[in-house]
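Work through the two exercises below with the structure open. Each task is followed by a solution in steps.

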Amino acid sequence: MTKKRHLFITVIVTVIITVIVYNFLVIKFAGKLLVNDPIMAAKQIIIDDYVDKLTDEQIQKLNDVAIGAMVDELGDPYSRYMSASALEEYKEDIEEDYIGVGMEVVFEAGSNAITVLSPYDGSPAQKAGILPGDKITEVDGLAVTDSSYDQIIAHIRGKGAQEGTKINFKVMREGSDEELFLVAIRERVDIQTVRFEKMDDTGYIRIAEFKNRTEEEFRVAVETLKDMEVTSLVIDLRNNPGGYAHTVISMCDILLPEGVIAYLEDNNGKRQYFRSDADEVGLPMAILINGGTASASELLAGSVQAYGLGIVVGEQSFGKAVGQTPYQLSADTALYLTNARYFTPKGECIDKKGITPDVKVTLSDEKLAKLGLLSKEEDDQLLAALEALNK
């Protein structure tokens with residue numbers, strides 16, 4: 001019995017050691033000892049045994065292509081690998097001003113098109129006639145592909161972009177089979193994120209995007225309008241592509257009573273709640289949205305709608321309710337990855353669905369191209385919001 005027990009224990013120990021060695025030490029292949037990771041193994045074989053010696057630049061390109069392919073396989077238009085050049089563009093993109101055409105875009109691998117979330121108010125893109133939802137298939141003769149996307153973005157607004165120079169876009173628009181050829185003139189884009197005015201007894205606040213300075217600009221707008229004794233607010237989020245989560249959360253806190261503003265949920269079901277305090281704006285609200293209302297702007301509109309504190313007017317919003325975080329991979333590369341979904345206070349996730357307005361009013365393409373420049377009398381959606389507040 002003792003010998004059998006010893007034999008049994010010996011077998012178990014041998015199996016454990018074998019598993020440990022296999023999983024943590026090596027794979028034997030072509031006379032080489034390789035770590036148990038096929039990607040690293042393939043890379044090392046190429047570096048060691050390819051017929052021509054690889055340069056440092058070629059080895060970096062191997063990394064770029066491999067990581068980029070993994071991210072592309074996710075099929076997520078918001079996640080992307082940022083090579084050295086792409087990371088530099090990202091850093092420029094989050095700056096408050098730059099030379100370019102002024103529009104927010106997304107790119108989905110394999111689509112061969114850049115989708116416009118929205119052009120900024122008064123931007124060269126808006127002046128050229130580019131609309132939310134337009135799909136850009138070519139820029140200055142260069143077709144949009146997976147491999148050319150970074151190059152195209154750098155061309156539009158990279159270091160070499162010169163103020164006053166032309167840029168040609170080939171565009172496909174929903175509802176039409178004809179290609180459009182639009183020309184924009186690069187300008188210095190300095191986004192005015194908040195503007196406001198009094199319209200009779202209603203305060204009107206237009207929010208173009210959520211940047212670092214937007215919260216303070218919004219707070220000043222609300223306080224100024226309340227000092228002017230307005231009795232209601234219209235908050236215009238049309239063509240607002242989103243921005244910083246911390247900014248929109250702080251702005252929601254200004255508007256909402258004590259409670260949940262929204263929450264994030266990761267792939268393990270872990271939730272992060274964002275809450276407002278007891279102070280609130282205390283005025284009836286109307287929120288203007290359209291197909292260019294995305295991400296952080298949908299969070300604000302959805303939270304106000306969920307609390308029943310405002311009526312939402314306009315058209316179905318874009319439907320982006322996921323958040324991204326940049327992960328530094330090296331000194332000059334990073335992974336920009338979708339890592340959470342956000343939910344309204346009622347537990348609704350509007351990703352790929354959008355927010356449905358309480359009052360649906362459409363604008364013509366002609367008026368949409370002039371959004372932000374329309375007078376009150378020309379703006380059918382604004383008129384509908386003011387009418388709803390005065391009922």
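**Exercise 1.** Describe how helices H8 and H9 pack.

Step 1. Helix H8 spans residues 245-255 and helix H9 residues 296-306; their axes come within 10 Å and cross at roughly 20 degrees. Helices are DSSP runs of H or I with at least four residues, numbered from the N terminus. Axes are lines fitted to C-alpha atoms over the stretch in contact, with angles from 0 to 180 degrees between N-to-C directions.

Step 2. H8 and H9 are therefore roughly parallel to each other (an angle under 35 degrees).

Step 3. The crossing of H8 and H9 is right-handed, meaning that the near helix is turned clockwise from the far one by less than a right angle.

Step 4. Val-248, Ile-249, Cys-252 and Leu-255 of H8 meet Ala-296, Leu-299, Leu-300 and Val-304 of H9, where contact means heavy atoms within 4.5 Å. This contact has eight nonpolar, no polar and no charged residues (Ala, Val, Leu, Ile, Met, Phe, Trp, Tyr, Cys and Pro count as nonpolar, Asp, Glu, Lys and Arg as charged, the others, Gly among them, as polar).

The model is predicted: local features need pLDDT of at least 70, side-chain atom pairs pLDDT 80 or more, while totals for chains, interfaces and linings use all residues. Numbering starts from 1 along each chain as its sequence is written, and side-chain values use heavy atoms, without hydrogens and water.

**Exercise 2.** Which residue classes make the contact of H7 with H8?

Step 1. The axes of H7 (residues 214-227) and H8 come within 9 Å and cross at roughly 20 degrees.

Step 2. The crossing of H7 and H8 is right-handed.

Step 3. H7 contributes Thr-214, Glu-215, Phe-218 and Arg-219, and H8 contributes Thr-247, Ser-250, Met-251, Ile-254 and Leu-255. By class, there are four nonpolar, three polar and two charged residues.

Methods:
Helix = DSSP H or I, 4+ residues; strand = E, 2+ residues; numbered from the N terminus. Parallel < 35°, antiparallel > 145°, perpendicular 65-115°, else oblique.
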